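Please keep the sequence and the 3D view at hand while reading.

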Amino acid sequence: MLVLHGVWRGADRLCLWAEDSARPATPPRRPGRPPRRQPHPFAVPHDDVPDELAGLAAKAAAVPVTLLLPTRAGGPVASPELVRTGEELADRGPVTLRPWSVPMWEYDQDDALAVLRDLDRVPVTLGADLRHLRAVADFAADLVSRGRLLPTVLPAGDKAEPGAAAVWRPVLTGEDAAWARSLALALPPVGRALAEEPAGTVTARALDALVDAAARAALETLSEGEELGTGWRGALTG
C-alpha cells in the first residue's frame, strides 16, 4: 500500500513523498549509537519508484528533506492512512519527535498547482497533509476565477530572484478571509514537520504561491488577438 504526502517548502515549493507498507517499519540495526538523523525506513526512495508514482517523479527534482516526525520504538509512526498488520500495530512505548531524512520530489509553484489539481489520476491513497494542500490549491484557483487578487511587487530578496519580483496576491475579505483562517486551522501537524512555523504562515505561503501560479496560468489562456492592456483598463475602470 502506498500513501502519498505533501509539504509546502519555503515560499514557492511543493514537496511530495510516499510511505510504502511493504517496507520495514524501523531502520536496520547497526553497531554503535544510531545517528541523530536516519533515513526514513518506509519512505519510497528515489531509486526505486513504483509505477504508480513514476509519472509524478519524472516531473520533479529529487531532493532529501528532513522532517520532524512522531517516533516510537526506533521508527517513525506511520500515518493513519497506511495499513499495517500484526505486531506493527502494537503500542510499543512513548511517542517522541525525531528528525528523519525523507526522499522527496520537489516542484516549483507552477508545476505544484498542476500536480495538486490533477491528483485524481494518481492511483494511491492521499495523506491528510496532501488533501489539505489540494484544498488550498482549489481555493487559489477559485479566487483567481472570481478576480479576488491584485498585482504587487516583492522587494529584492523576498524571492530567489536577485531583483524585485512582480507577483499576484490574493485579496481576502469576508467569507474568503474566514475560509483562509479555516484552512490554516485545519493544517495537519505533519504539514508543519518541515519547519516549526505557525500553521497560518505555512498556509499563507502556499496560498500566495498558488494564486500567483493560477493567475499566470489563466493569463496564458487568453487568445492571441486579445489586447491584455485594454482588458485590464476595462476591468479597472468598469
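Predicted model: local features only at pLDDT ≥ 70, side-chain atom pairs only at ≥ 80, totals over all residues.

Aspartate 108 belongs to strand β6, which covers residues 96-108.

Which strands pair with β6? Strand β4 (residues 61-72) runs antiparallel to β6 and is joined to it by eleven bridges. Within this pairing, leucine 69 lies opposite arginine 98 of β6. Strand β2 (residues 13-20) is also antiparallel to β6, with four bridges between them. Here arginine 13 has aspartate 108 as its bridge partner in β6. Strand β3 (residues 38-39) pairs with β6 in the parallel sense, over two bridges. On that side, proline 39 is opposite serine 101 of β6.

Together with Asp110, Asp111 and Glu220, Asp108 forms a negative surface patch. Is aspartate 108 buried, partly exposed or exposed? Its relative accessibility is 32%, so aspartate 108 counts as partly exposed; the cut-off for patch residues is over 30% relative accessible area, with no salt bridge.

Lysine 59 sits in the loop between α1 (51-58) and β4. Because its relative accessible area is 59%, lysine 59 is exposed, the cut-off for that class being over 50%. Lysine 59 and aspartate 111 are separated by 52 residues in sequence, while their C-alpha atoms are 8.3 Å apart in space.

Key. Residues numbered from 1 in each chain as written. Heavy atoms only, no water. Patch = residues over 30% accessible without salt bridge, like charges linked within 9 Å, V, L, I, M, F, W, Y side chains within 5 Å. Areas by Shrake-Rupley, 256 points an atom, 1.4 Å probe, with all protein chains shown as cover. Salt bridge = Lys/Arg side-chain N within 4 Å of Asp/Glu carboxyl O. Lys, Arg positive; Asp, Glu negative; His and termini not counted. Charge placed at Lys NZ, Arg CZ, Asp CG, Glu CD. Buried < 20%, exposed > 50% of the residue type's maximum accessible area, 1.4 Å probe, protein only. Pairing = 2+ DSSP bridges.
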